[in-house]
Amino acid sequence: MEDKARILLVEDETALAKILGDYLNHAGMEYLWVGHGGEVMDAFRRYRPDLVLLDVMLPGVDGLTLCREIRKISETPVLLVTAKVEELDRLLGLELGADDYICKPFSPREVVARVKVVLRRVRPGARQGDTVFRCQEDAQIIYLHDHRLDLTPTEYRLLRLFLSHPGRVYSRDQIVDLTYDMDQDVTDRVVDSHIKNLRKKIAKELPDREVIYSVYGVGYRFELAY
Ligand code: CA
(Lines give C-alpha, C1' and ligand atoms only; values in the text may rest on other atoms or scores of the structure.)
Protein backbone atom coordinates (compact mmCIF):
# COMPACT_ATOMS: atom_id res chain seq x y z
CA MET A 1 0.00 0.00 0.00
CA GLU A 2 1.59 3.23 -1.07
CA ASP A 3 0.22 6.64 -0.25
CA LYS A 4 0.12 9.36 -2.86
CA ALA A 5 2.67 12.10 -2.32
CA ARG A 6 1.00 15.27 -1.05
CA ILE A 7 2.20 18.55 -2.49
CA LEU A 8 1.37 21.94 -1.02
CA LEU A 9 1.21 24.10 -4.13
CA VAL A 10 1.75 27.76 -3.28
CA GLU A 11 1.21 29.95 -6.33
CA ASP A 12 -0.79 33.16 -6.70
CA GLU A 13 -1.24 32.89 -10.47
CA THR A 14 -4.42 30.89 -10.75
CA ALA A 15 -3.92 29.68 -14.30
CA LEU A 16 -0.39 28.52 -13.58
CA ALA A 17 -1.48 26.79 -10.38
CA LYS A 18 -4.16 24.93 -12.30
CA ILE A 19 -1.70 23.69 -14.91
CA LEU A 20 0.82 22.59 -12.29
CA GLY A 21 -1.92 20.90 -10.28
CA ASP A 22 -3.05 18.93 -13.31
CA TYR A 23 0.50 17.80 -13.99
CA LEU A 24 0.97 16.74 -10.36
CA ASN A 25 -2.28 14.77 -10.45
CA HIS A 26 -1.25 13.22 -13.72
CA ALA A 27 2.04 12.12 -12.11
CA GLY A 28 0.08 10.35 -9.36
CA MET A 29 0.40 13.02 -6.69
CA GLU A 30 -2.24 14.97 -4.87
CA TYR A 31 -2.03 18.63 -4.04
CA LEU A 32 -3.56 21.46 -2.08
CA TRP A 33 -3.44 24.86 -3.71
CA VAL A 34 -2.87 28.03 -1.71
CA GLY A 35 -2.74 31.38 -3.47
CA HIS A 36 -2.04 33.75 -0.59
CA GLY A 37 1.10 33.88 1.57
CA GLY A 38 -0.90 34.49 4.72
CA GLU A 39 -2.66 31.16 4.41
CA VAL A 40 0.39 28.99 3.86
CA MET A 41 1.40 28.08 7.44
CA ASP A 42 -2.14 27.09 8.39
CA ALA A 43 -2.45 24.98 5.27
CA PHE A 44 0.96 23.45 5.95
CA ARG A 45 -0.05 22.34 9.46
CA ARG A 46 -3.40 21.02 8.32
CA TYR A 47 -2.37 19.28 5.12
CA ARG A 48 0.97 17.88 6.31
CA PRO A 49 2.47 17.80 2.80
CA ASP A 50 5.39 15.67 1.68
CA LEU A 51 6.78 18.64 -0.24
CA VAL A 52 6.07 22.35 -0.63
CA LEU A 53 6.24 23.97 -4.05
CA LEU A 54 6.67 27.57 -3.01
CA ASP A 55 6.47 30.64 -5.21
CA VAL A 56 8.70 33.48 -3.97
CA MET A 57 6.58 36.47 -4.97
CA LEU A 58 3.28 36.16 -3.13
CA PRO A 59 0.64 38.48 -1.73
CA GLY A 60 0.67 38.64 2.05
CA VAL A 61 3.79 36.82 3.23
CA ASP A 62 6.61 36.21 0.74
CA GLY A 63 8.03 32.80 -0.07
CA LEU A 64 11.42 33.43 1.54
CA THR A 65 9.86 34.22 4.91
CA LEU A 66 7.59 31.21 4.57
CA CYS A 67 10.51 28.93 3.76
CA ARG A 68 12.21 29.99 7.00
CA GLU A 69 8.98 29.54 8.96
CA ILE A 70 8.54 26.03 7.61
CA ARG A 71 12.14 25.16 8.50
CA LYS A 72 11.54 26.16 12.11
CA ILE A 73 8.99 23.42 12.56
CA SER A 74 9.68 20.82 9.90
CA GLU A 75 12.16 19.03 7.65
CA THR A 76 9.59 18.83 4.85
CA PRO A 77 11.36 19.60 1.55
CA VAL A 78 10.71 22.98 -0.03
CA LEU A 79 11.13 23.73 -3.73
CA LEU A 80 11.32 27.48 -4.28
CA VAL A 81 9.95 28.93 -7.50
CA THR A 82 11.27 32.29 -8.60
CA ALA A 83 10.35 34.55 -11.50
CA LYS A 84 13.78 35.92 -12.25
CA VAL A 85 17.11 34.35 -12.99
CA GLU A 86 18.79 37.32 -11.28
CA GLU A 87 16.82 36.56 -8.16
CA LEU A 88 18.08 33.00 -8.20
CA ASP A 89 21.66 34.15 -7.51
CA ARG A 90 20.47 36.02 -4.47
CA LEU A 91 18.40 33.10 -3.25
CA LEU A 92 21.29 30.71 -3.50
CA GLY A 93 23.27 32.94 -1.15
CA LEU A 94 20.60 32.89 1.53
CA GLU A 95 20.38 30.26 4.21
CA LEU A 96 16.75 29.39 3.64
CA GLY A 97 16.89 25.65 3.90
CA ALA A 98 15.21 25.19 0.53
CA ASP A 99 15.88 21.85 -1.17
CA ASP A 100 15.90 23.12 -4.74
CA TYR A 101 15.09 26.16 -6.89
CA ILE A 102 13.12 26.48 -10.09
CA CYS A 103 13.09 29.48 -12.39
CA LYS A 104 10.05 30.85 -14.19
CA PRO A 105 9.16 30.39 -16.93
CA PHE A 106 9.37 26.63 -16.61
CA SER A 107 7.74 23.67 -18.21
CA PRO A 108 5.32 21.92 -15.87
CA ARG A 109 6.94 18.68 -16.92
CA GLU A 110 10.27 19.92 -15.58
CA VAL A 111 8.67 20.96 -12.29
CA VAL A 112 7.15 17.53 -11.79
CA ALA A 113 10.48 15.89 -12.57
CA ARG A 114 12.24 18.07 -9.96
CA VAL A 115 9.51 17.34 -7.42
CA LYS A 116 10.05 13.62 -7.92
CA VAL A 117 13.82 13.93 -7.50
CA VAL A 118 13.46 15.85 -4.25
CA LEU A 119 10.86 13.42 -2.92
CA ARG A 120 13.18 10.51 -3.63
CA ARG A 121 16.05 11.93 -1.66
CA VAL A 122 13.99 12.96 1.35
CA ARG A 123 15.48 11.93 4.62
CA PRO A 124 12.75 11.11 7.06
CA GLY A 125 13.04 13.24 10.12
CA ALA A 126 11.08 15.44 12.47
CA ARG A 127 11.86 18.65 14.22
CA GLN A 128 10.14 20.80 16.80
CA GLY A 129 12.24 23.53 18.36
CA ASP A 130 15.43 21.87 19.64
CA THR A 131 14.04 18.37 19.39
CA VAL A 132 15.29 16.73 16.24
CA PHE A 133 14.96 13.16 15.04
CA ARG A 134 17.25 12.38 12.16
CA CYS A 135 17.32 9.22 10.13
CA GLN A 136 20.50 7.94 8.50
CA GLU A 137 19.01 5.42 6.14
CA ASP A 138 22.10 3.80 4.65
CA ALA A 139 23.30 2.83 8.12
CA GLN A 140 19.80 2.29 9.54
CA ILE A 141 20.48 4.60 12.45
CA ILE A 142 18.17 7.17 13.99
CA TYR A 143 19.54 10.03 16.02
CA LEU A 144 17.64 12.00 18.61
CA HIS A 145 19.40 15.12 19.86
CA ASP A 146 22.50 13.77 18.10
CA HIS A 147 22.45 10.66 20.31
CA ARG A 148 22.12 7.41 18.49
CA LEU A 149 19.01 5.51 19.57
CA ASP A 150 19.78 1.89 20.37
CA LEU A 151 17.10 0.26 18.22
CA THR A 152 16.45 -3.25 17.00
CA PRO A 153 15.87 -3.56 13.22
CA THR A 154 12.11 -3.73 13.78
CA GLU A 155 12.12 -0.68 16.05
CA TYR A 156 14.19 1.16 13.46
CA ARG A 157 11.67 0.41 10.71
CA LEU A 158 8.78 1.41 12.95
CA LEU A 159 10.28 4.76 13.88
CA ARG A 160 11.40 5.37 10.31
CA LEU A 161 7.81 4.87 9.18
CA PHE A 162 6.52 7.35 11.75
CA LEU A 163 9.22 9.90 10.87
CA SER A 164 8.36 9.68 7.19
CA HIS A 165 4.87 11.02 7.95
CA PRO A 166 4.65 12.80 11.28
CA GLY A 167 1.05 13.29 12.33
CA ARG A 168 -0.34 10.54 10.15
CA VAL A 169 -2.33 7.83 11.90
CA TYR A 170 -1.30 4.27 11.08
CA SER A 171 -3.51 1.30 11.82
CA ARG A 172 -1.83 -1.82 13.19
CA ASP A 173 -2.51 -3.55 9.86
CA GLN A 174 -0.74 -0.77 7.97
CA ILE A 175 2.15 -0.91 10.42
CA VAL A 176 2.46 -4.65 9.87
CA ASP A 177 2.33 -4.24 6.07
CA LEU A 178 4.88 -1.46 6.02
CA THR A 179 7.43 -2.56 8.61
CA TYR A 180 7.44 -6.34 9.02
CA ASP A 181 8.63 -9.09 6.69
CA MET A 182 5.85 -10.80 4.82
CA ASP A 183 6.55 -14.22 6.27
CA GLN A 184 6.36 -13.02 9.86
CA ASP A 185 3.18 -13.84 11.73
CA VAL A 186 2.58 -10.53 13.48
CA THR A 187 -0.32 -10.09 15.85
CA ASP A 188 -1.60 -6.77 17.18
CA ARG A 189 0.02 -7.64 20.50
CA VAL A 190 3.41 -8.00 18.85
CA VAL A 191 3.03 -4.54 17.33
CA ASP A 192 1.92 -3.10 20.68
CA SER A 193 4.91 -4.59 22.44
CA HIS A 194 7.35 -3.22 19.87
CA ILE A 195 5.74 0.22 20.20
CA LYS A 196 6.07 -0.03 23.97
CA ASN A 197 9.79 -0.79 23.70
CA LEU A 198 10.29 2.00 21.20
CA ARG A 199 8.55 4.46 23.52
CA LYS A 200 10.84 3.44 26.39
CA LYS A 201 13.95 4.05 24.32
CA ILE A 202 12.74 7.44 23.16
CA ALA A 203 11.71 8.35 26.72
CA LYS A 204 15.34 7.95 27.84
CA GLU A 205 16.16 10.98 25.69
CA LEU A 206 12.82 12.76 26.03
CA PRO A 207 11.52 12.12 29.53
CA ASP A 208 8.02 13.36 30.37
CA ARG A 209 7.17 13.77 26.74
CA GLU A 210 5.01 11.61 24.57
CA VAL A 211 5.76 11.34 20.87
CA ILE A 212 4.03 8.10 19.86
CA TYR A 213 0.34 8.50 20.59
CA SER A 214 -2.23 5.72 20.76
CA VAL A 215 -5.25 6.52 18.64
CA TYR A 216 -8.14 4.71 20.22
CA GLY A 217 -9.66 2.01 18.04
CA VAL A 218 -7.25 2.75 15.19
CA GLY A 219 -3.55 2.53 15.88
CA TYR A 220 -0.70 4.94 16.40
CA ARG A 221 0.47 8.39 15.42
CA PHE A 222 3.86 10.05 15.84
CA GLU A 223 3.96 13.73 16.65
CA LEU A 224 6.32 16.22 18.21
CA ALA A 225 3.74 18.29 20.04
CA TYR A 226 4.16 21.97 20.59
CA1 CA B 1 3.87 34.93 -7.76
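Strands E10 and E12 (residues 219-222) run antiparallel and are joined by 3 bridges, strands being DSSP runs of E with at least two residues and helices runs of H or I with at least four, both numbered from the N terminus. The model is predicted, so that local features need pLDDT of at least 70 and side-chain atom pairs count only at pLDDT 80 or more, whereas totals for chains, interfaces and linings use all residues. Residues are numbered from 1 along each chain as its sequence is written, and side-chain values use heavy atoms, with hydrogens and water left out.

Within E12, Arg 221 is the bridge partner of Val 169. The open sheet has 3 strands in the order E10-E12-E11, with antiparallel pairing, where two strands pair if DSSP finds at least two bridges between them. Because strand E10 (169-171) and strand E11 (212-215) stand at the edges with a single partner strand each, one side of each is left without a neighbour in the sheet.

The largest nonpolar core has 28 residues, of which Phe 133, Leu 159, Ile 202 and Phe 222 touch the most other members; such a core is a set of buried Ala, Val, Leu, Ile, Met, Phe, Trp, Tyr and Cys residues joined through side-chain atoms within 4.5 Å, and buried means under 20% relative accessible area with a 1.4 Å probe, protein chains only. Strand E7 (131-136), strand E8 (141-144), H6, H7, helix H8 (188-205) and E12 each give two or more residues to this core, and H6 gives the most, with 6 residues. A second, separate core of 24 residues includes Met 41, Tyr 47, Leu 80 and Tyr 101.

Note on methods:
Buried means under 20% relative accessible area, exposed over 50%, partly exposed in between (1.4 Å probe, protein chains only).
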